[in-house]
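Please walk through this protein chain with the structure open beside the text.

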Amino acid sequence: NSIYVVTKSNTQKTHNILGNSTVASTGYDRDSLETIRIKGTAEIEPQPTIKNIIFTEIVKPRKYGGKISLPPVSTLEKESYIVFKITPTESRLINYKKER
């Protein structure tokens with residue numbers, strides 16, 4: 001029921017979220033021609049156990065293009081990142097494929 005985002009602690013994104021907890025994000029899938037828009041409320045994840053689980057899950061090796069490597073967030077020191085928990089308040093899925 002939540003979306004977690006890991007980001008550096010001292011970025012403009014972090015300062016913006018701390019100043020206004022209403023957030024939105026849009027994702028796009030090129031193959032299905034679908035977008036998803038999610039709006040919600042962000043808060044700092046207060047539980048260290050959940051924070052560590054989220055960070056560990058996010059830093060798993062992933063396929064980027066044709067090669068497998070760690071995501072850039074894996075280079076952050078534990079003290080230099082923040083985990084935001086986003087509770088969705090609205091979502092919308094849009095499919096742009098035309099019916100034939």
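Predicted model: local features only at pLDDT ≥ 70, side-chain atom pairs only at ≥ 80, totals over all residues.

The protein chain has two helices and six strands. Read from the N terminus, the order of the elements is β-α-β-β-α-β-β-β. Along the principal axes, the C-alpha atoms occupy a box of roughly 55 × 35 × 25 Å. There are 100 residues in the protein chain, and 21% of them count as buried. Take the contacts between residues at least 6 apart in sequence: 69% of them join residues at least 24 apart.

Now to the strand pairing. Strands S2 and S3 are antiparallel partners, with eight bridges between them. Valine 23 has glycine 40 of S3 as its bridge partner. S2 and S3 form a hairpin, and four residues lie between the two strands.

Next come the nonpolar cores. In soluble globular proteins, nonpolar side chains tend to be buried together. Which residues make up the largest nonpolar core? There are eight: Val6, Ile54, Phe55, Val59, Val73, Leu76, Tyr81 and Val83. Helix H2 (48–58) and strand S6 (81–95) each supply at least two residues of this core. A second core is separate and has six residues, among them Ala42, Ile82, Phe84 and Ile86.

Tyrosine 81 belongs to the largest core. Beyond its neighbours within four places in sequence, tyrosine 81 contacts Val6, Thr7, Lys8, Ser9, Lys51, Asn52, Phe55 and Leu76.

Is threonine 7 buried or exposed? Its relative accessibility is 7%, so threonine 7 counts as buried; the cut-off for buried is under 20%. Setting aside residues up to four places away in sequence, threonine 7 touches Lys13, Thr14, Ser80, Tyr81, Ile82 and Phe84. Ile82 and Phe84 are members of the second core.

Turn to the largest pocket. Its volume is about 160 Å³. The lining consists of Ile3, Val5, Lys13, Ile17, Val23, Ala24, Ser25, Ile38, Lys39, Gly40 and Ile86. Which elements give two or more residues to this lining? They are strand S1 (3–8), helix H1 (12–19), strand S2 (22–29) and strand S3 (34–44). By type, the lining residues divide into seven nonpolar, two polar and two charged.

Glutamate 90 lies in strand S6. Its relative accessibility is 39%, so glutamate 90 counts as partly exposed. Apart from neighbours within four places in sequence, glutamate 90 is in contact with Arg37, Ile38 and Lys39. Glutamate 90 and leucine 76 are 14 residues apart along the chain, yet their C-alpha atoms are separated by 31 Å.

Glutamate 43 is placed in strand S3. With a relative accessible area of 42%, glutamate 43 is partly exposed. Not counting residues up to four places away in sequence, glutamate 43 touches Val83, Phe84 and Lys85. Glutamate 43 and threonine 87 are 44 residues apart in sequence, with 8.4 Å between their C-alpha atoms.

Glutamate 57 is found in helix H2. Its relative accessible area is 41%, and glutamate 57 is partly exposed. Glutamate 57 and isoleucine 82 are 25 residues apart along the chain, and 14 Å separates their C-alpha atoms.

Note on methods: Residues numbered from 1 in each chain as written. Heavy atoms only, no water. Core = buried A, V, L, I, M, F, W, Y, C linked by side-chain atoms within 4.5 Å. Buried < 20%, exposed > 50% of the residue type's maximum accessible area, 1.4 Å probe, protein only. Contact = heavy atoms within 4.5 Å. 1 Å grid on protein atoms, 1.4 Å probe; cavity = no way out; pocket = protein on both sides within 12 Å on 5 of 7 lines; lining within 4 Å. Points joined across faces, edges and corners; volume = space filled by probe spheres on them. Nonpolar A, V, L, I, M, F, W, Y, C, P; charged D, E, K, R; others polar. Pairing = 2+ DSSP bridges.
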